[in-house]
Amino acid sequence: MAQVSFICKRTVVSTKPVQPGKYSSLSVLDRVMERNHLLVVLYYRSKRGREVGGITKKLRESLSETLTSFPVATGRLLKDPKEHWMIKCNDAGVRMVEARAKGSVEEWLRNVDREQELKLVHWEEMFHKPYYWSTFYVQLTEFEEGGLAIGLSCTHLVVDPTCVTMFIKAWADTTLGGKMVSPPLFHPLPPRRPGNMTIGHKPYTPLINHYKSFIENPPPLAVALQRHSTATLTFTDQMVKSCMDMVKALTPFEALAALFWVCISNVKAKKNGSGLTNMSICSDMRKVLGLDKGFFGNCMVYNKVHMELGVQENDHQLIKAAMAIKEVVGEMDNEGIMDLIEWLEHNDNYQYSPPLMNGRDDLICINLEGVESYMAMFEDGYKPIRASYYIEPTVGEGQVIILPSPAGEGVLSRVVMVTLLEDEVVKLCKDALLMHFSPTILMGVK
Amino acid sequence: MPPKLPEFSNSVKLKHVKLGYQYLVNHFLTLLLVPVILGLLVQLLQLGPHEILNLWNNLHFDLIQILCSSFLIVFVTALYFMSKPRLVYLVDYACFKPPVALRVPFSTFMEHSRIILSSEPKSVDFQMKILERSGLGEETSLPPAIHYIPPNPTMEASRQEAELVIFSAMDLLLNKTGLKPKDVDILIVNCSLFSPTPSLSAMVINKYKMRGNVKSFNLSGMGCSAGLISIDLARDLLQVYPKSNAVVVSTEIITPNYYQGKERSMLVPNCLFRMGGAAILLSNRGSDRRRAKYRLLRVVRTHKGADDTAYRCVFEQEDPQGKVGILLSKDLMAIAGEALKSNITTLGPLVLPASEQLLFLVTLIGRKVFNAKWKPYIPDFKLAFEHFCIHAGGRAVIDELQRNLQLSAEHVEASRMTLHRFGNTSSSSLWYELSYIEAKGRMKKGDRVWQIAFGSGFKCNSAVWKCNKTIETPVVDGPWFDCVDRYPVDIPEVVKH
């Protein structure tokens, strides 16, 4: 079994000094994600016969160059006069950990599970004095018999999965050709478009209430983490299409989210009783808000899916689930999100007990269909062979993350990462409805 | 505004008087001889051409007389030329430019300090205070081993740093001068705190495959002034060996000397010392005269080691926890001032124009004989030199020297900016400073440069160079190429972070 051995930890700084006195404020959508952090692992093959250690040095130097364009990543957290978090761009750098693993990357991927995969990412909880705490951690693990794993972890206060993927892509572009193809954009969230305010417009209360409930009832700061397990499954282009046709979904996310909602409910129902579990979805709102995909900052919004009561253990349940999801997605339009943002701007005095957006008793389905992780090419001709995402900590009923597939697998093909309690994952992988769509299990429970 | 005008006109009058006095004394001989010669010429002309011819014909010369006189003339001329010391030229030099990835911003340095010395917040605060007032900028570099958390100063890492610094500087020098490694006659390497076996000079010989009979020397333990000691040694050797060249490599290897303890008096070097190195090519060959940049005029070395306080003021020792570091005593500035005084007392008569020396002598006699209350006259070294390179040991050193020698901000600009951009690179800092002056286009043919270095011991060494040819800008292969336009910068008293 492959073993990961730690070599060293250091700080990587940008190549050009940051102008002193630069600060970056965090938006309401950033600050509400204070208690979460992201973990991303990308796997690459490497050239035959290449010396171990060479690529690490090259990546370290190109990371230095990339950081020059991301002063927010090298800054440190500070509280502003209103006791809100903000970033002081003090040029302190990001932490980098170097490691080695035995075996090859292909061997690793055949035998990996959640616990092992998390060894490829380095994360440190916020220090008592956050001014000396790095918000970004990069781990480079070289496989002795070929291959590379890049692990990136960062606080959700500063980034969301879309922009952290964009950061990785920028790093890859810099390593490959020296130029960033799509530079990041740092600016606050846009205000409401003036022509958009319809007369007699009622705010989108269900979304606001969803956030309100999290802000008013935050779980305690020290949350007991249960033993979770994660499985990674992939669905072929054809299977996703047939699922979409079955439920009359517009996007693969709607279809797969509905599918997993039903299957997971079945698994849990066998323990807790019948009915669909509570579910929330989480989606990227850049397009909705009219923002460029290079917008750096949080733009993911959570919303509860409302499902009428009524137990039906058949396909109708699936179709109804998909419809409920479609409805919620449709409601999350520009006006609805602006309502939420405006409400949050007036109700963000939760400095001492911040909410945990993926906590409590909801199953969360996260739409990361649009992240371009497979476009991050560090060496010519070597695209990632797998990309794993985790949004930690995982509490509550569980998490389902819908991710794109590597190129060449078809436009509709998707990879799904499911995090549940260990026994639930095992049961899920044997669920009949799920097996109907013949997913391939890339990473399971050992 | 009546009150101001008298002051102004006074100072202008004084300036004119001073200039007049200097011109008079410095050109005394000329001013004396000119009227004498004129007088003789007038006399001769008065005699008339016939009389002169008569005088000439009356001079009887024997063959023996002619032979003896010419032999005497030839003998004296030969003796004169043989006893003249060989001229030593500085053909060119190269400074190591650290890779950008090794940069250490203030915030990173402080963060690492806090994480590593987490149990000693007072020591961390002290380091922060030193760094804020140090005069260093955000682009100084530390070697890779010191970037680790915790730092990992192994012997292997020290060797790697030495290879990186020394080989980069040497490659650049060989490239610039077209020198072939097999043609190096003398090699001197100085690095104070890292002295492995085989020596760093052996490392250079091995890498560049130098000749079997190269004269190699490795100077260690001699502190920040070792660079000028190496130059002095090279000069002495070049007197003995005709038609030779010498390569001098000055550096300081930081990796093994990062102090990992908490004693405040030993934490200061961590804050100031940074990566740097320089390689210099000296030659006594006549053929190098055309292309050489500088000619070495003088080297003056002063050692205060006989005094116990001076000997102990920069001392490497173990702290109570057993961690090795360099202890800087509180008398450092005072001792540096004393050492400087000794050095310039010896250097002054050799370089100062006669006007300054006379004034100094008169005030000295006056103080001794007439009235001890007379202010001691500080000779104006600005008349002897156009450029000053003061070792960038720290802001305090530069401030002290600027005050003592009454130098303007422009004179010490090279030192301050080198401290800001590269930190205290120990023995090589003088070469970064010289490079700054060149990069700014201020170095013209005939300019004289004074390099002063202080070092543990306590030593104060000076070198005087004369510029051989005007250095054209932009200087493409110097360490300041990409940033000289940003300088000079205004360095605040305390940098707030």
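The side chains of A:R76 and B:E111 meet in a salt bridge with an N to O distance of 2.6 Å, the term standing for a side-chain nitrogen of Lys or Arg within 4 Å of a carboxyl oxygen of Asp or Glu. Between chain A and chain B the count is three salt bridges. This is a predicted model, in which local features need pLDDT of at least 70 and side-chain atom pairs count only at pLDDT 80 or more, whereas totals for chains, interfaces and linings use all residues. Residues are numbered from 1 along each chain as its sequence is written, chains are lettered from A and ligands numbered from 1 in the order in which they are written, and side-chain values use heavy atoms, with hydrogens and water left out.

Polar contacts between chain A and chain B, with both residues at pLDDT 80 or more, come to 12 residue pairs; such a contact is a pair of N or O atoms within 3.5 Å, and within protein one atom must be able to donate a hydrogen and the other to accept it, while residues adjacent in sequence count only if both atoms are side-chain atoms. On the side of chain A that touches chain B, the elements giving two or more residues are β1 (4–12) and α2 (54–67) of chain A, and β1(A) gives the most, with four residues. Helices (H or I, at least four residues) and strands (E, at least two) are DSSP runs, numbered from the N terminus. That side of chain A divides into eight nonpolar, five polar and eight charged residues, where Ala, Val, Leu, Ile, Met, Phe, Trp, Tyr, Cys and Pro count as nonpolar, Asp, Glu, Lys and Arg as charged, and the others, Gly among them, as polar.

The contact (heavy atoms within 4.5 Å) takes 21 residues from chain A and 17 residues from chain B. The two chains bury about 1600 Å² between them, 54% of it on carbon and sulfur atoms; this is accessible area (1.4 Å probe) lost on being put together, summed over both.

| Strand order (chain A) | Pairing |
|---|---|
| β2-β5-β4, three strands | antiparallel |
| β1-β6-β7-β8-β3-β13, six strands | mixed |

β2(A) and β5(A) (residues 85–88) pair in the antiparallel sense over three bridges, and A:S24 has A:I87 as its bridge partner in β5(A).

How values were computed. Pairing = 2+ DSSP bridges.
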